Structures are given as C-alpha cells and as structure tokens.
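Morning, everyone. I have one structure for you today. Please look at the screen.

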Amino acid sequence: MTLTGGRCTGRTLTRAMLPNLLIIGAQKCGTTSLHAYLDLHPDVHMAAEKELDFFIADRGWCKGPDWYAARFRDDALVRGEASPNYTAWPVFNAVPERAASLVPGAQLVYLVRDPIERIESHYLQRRLEDGARADIAAVVGDVDDPLNLFVARSRYATQLERWLAHFPQEQLLVLSAEELRDDRHRTVRAVLDHVGVEDRVDPALLDAEHHRSGDKAELAPGAARLRASPMGRVLEAVPARVRAPVTQRLRAALSHPVARQELPSQLRARLAELLAPEVERLRALTGRRFEGWSL
C-alpha cells in the first residue's frame, strides 16, 4: 500500500512480520493492562505504541502494511497490538474487513465489562484526559444517537457480530475486565493459551494495574485554563525531556483527585433499556453469563 495525496493507491510487500494477535477492545475494560502483561512473556512482542489504530481508514490504514509490520519484532512468536477503537462501530467503519484482508489468521481478544460501569469509567477518562468538566449526563449526551460513542463502545454483541462476519469464532476469545482484575494469572494464561504459547510469565509481575482512572487526578480549573492558554501552548512546544519534569511537578501541585460520577437514574434506566438486549446477545454468542453485571 502506498500513499499519494493522502490516499491509499497500491500495496507493497511487507518488510517484517505482521501481527498475529489483535486486542480489539473494549475501551476502559483493561486493554492497557493486558497489553502490558502479555509483553512480559519472552515469546510475545506487543507494539511499543499502544492503540496503533491501523485498521481505521483515516488513521493508520494509509500508512501501509510496511509501516504496520515495522511496529513488531520479527523474531517474536506472537506479535500483538491493542486498539480499542477497533470495536467502536459505526463511529469507525469497516475495521474487521480491513483486518481480515491483511491478517486473516490473527487471534482476536475482546475484553468486556459491565456496560453501565464502562460508560461511567469512559466519562471519567474524558474528564481526566480531555478536560470535559460538565456533569456526566451532559458529556454522555444523546444516548439514542447512533453515533454516540459512549453507547457504541458498550454494544458488545453488535461489535462482536461484525468481527464474526469476517473471522471464525475459534479465533476470538472474549474475557471480562472483572476476571482480569480478580483472577489475573488465570486470565492471562487463557490469552497465552489462545495464541499458542506456554505460560512463562512470573505471577508476581502481574500485580500492577495500568491506566486506572481512579488513580489519577485532574487539573484544577485555573491550571486547566493555563494549559489551554498561549503560555501553555508554548510549554507544549518545549522538548519532552525538558518539559516532563516541569509539567509533572505542576500537575502534582495544581491537581486534585476526582471521584467517579454515577449516571442519574433516568439516564441509567434508558441505557439499561438500550443495552440489556446487547448483553443477552453477548451471552448467547459466548455461552458465558457475566455474573455480577447490572444487566
């Protein structure tokens, strides 16, 4: 695949090995932690840049397969990446089709979570990372909009069905964020078995949790305004090795913890109405009960 004027115009041979493991989502379901745990295995190489988004048309796809293959070590038995945007249809379209055209033999792992809790965690991430200061109902927005990303990411059955139209079910492993949290070693072992390598990860190395929203703090309003000001933009232009120590100290001094907001009861009820059929279809697709979920 080559680039001309920003468009894909052809295909070239890859110079290295393409991935054979895709963690396809869902967002806020433990994909960052699983990516890190798998990378501890000597026969597994997970791409250094998480969320390559290669199979998204206007992101990685037009960089071509050579660029994609270069993200992975040639000598690794398992080469993987994690991109939660791969299960965000209809916001991102034709992702499974592109994946099937390039890596049809890839093993897929899909992490899911209580869909209502996932939305609350998604809001908290937006607040922490994007500065979304409005309350949860305002940020989540119109849940009946087909392009509402909060709802789309929690439509697990819909997302899975699109992947299963292009990949055989035996290449797909569905796990829950709850079991990754509560029974981590067994869950990581299940993924390693799915990709065909022996469990050679020291259980003691699996204690760390990664990218937990509850461990983060947000900038106070004045500090957030400073970051968005011309002075803040000047600071962003400073090389990272110089900027990082300064910004870390500023964040520590000017930030405060933020508590998870629960959805208001009326919005929660509407989301439950929308997502309960999705959960039932997910149970039918996987043969799993996902006990303890609110739906």
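Start with helix 1, residues 31–38. It lies across strand 3 (21–25), strand 4, strand 5 (78–82) and strand 6, at about 160° to strand 3. Helices (H or I, at least four residues) and strands (E, at least two) are DSSP runs, numbered from the N terminus. Axes are lines fitted to C-alpha atoms, for helices over the stretch in contact (heavy atoms within 4.5 Å). Angles run from 0 to 180 degrees between N-to-C directions.

A word on the source. This is a predicted model: local features need pLDDT of at least 70, side-chain atom pairs count only at pLDDT 80 or more, and totals for chains, interfaces and linings use all residues. Residues are numbered from 1 along each chain as its sequence is written, and side-chain values use heavy atoms, without hydrogens or water.

Five strands form an open, parallel sheet in the order 4-5-3-6-7. Two strands pair if DSSP finds at least two bridges between them. Strand 4 (44–46) and strand 7 (172–176) are the edges; each has a single partner strand, so one side of each lacks a neighbour in the sheet.

Who are the partners? V44 has V78 as its bridge partner. L21 stands opposite G80.
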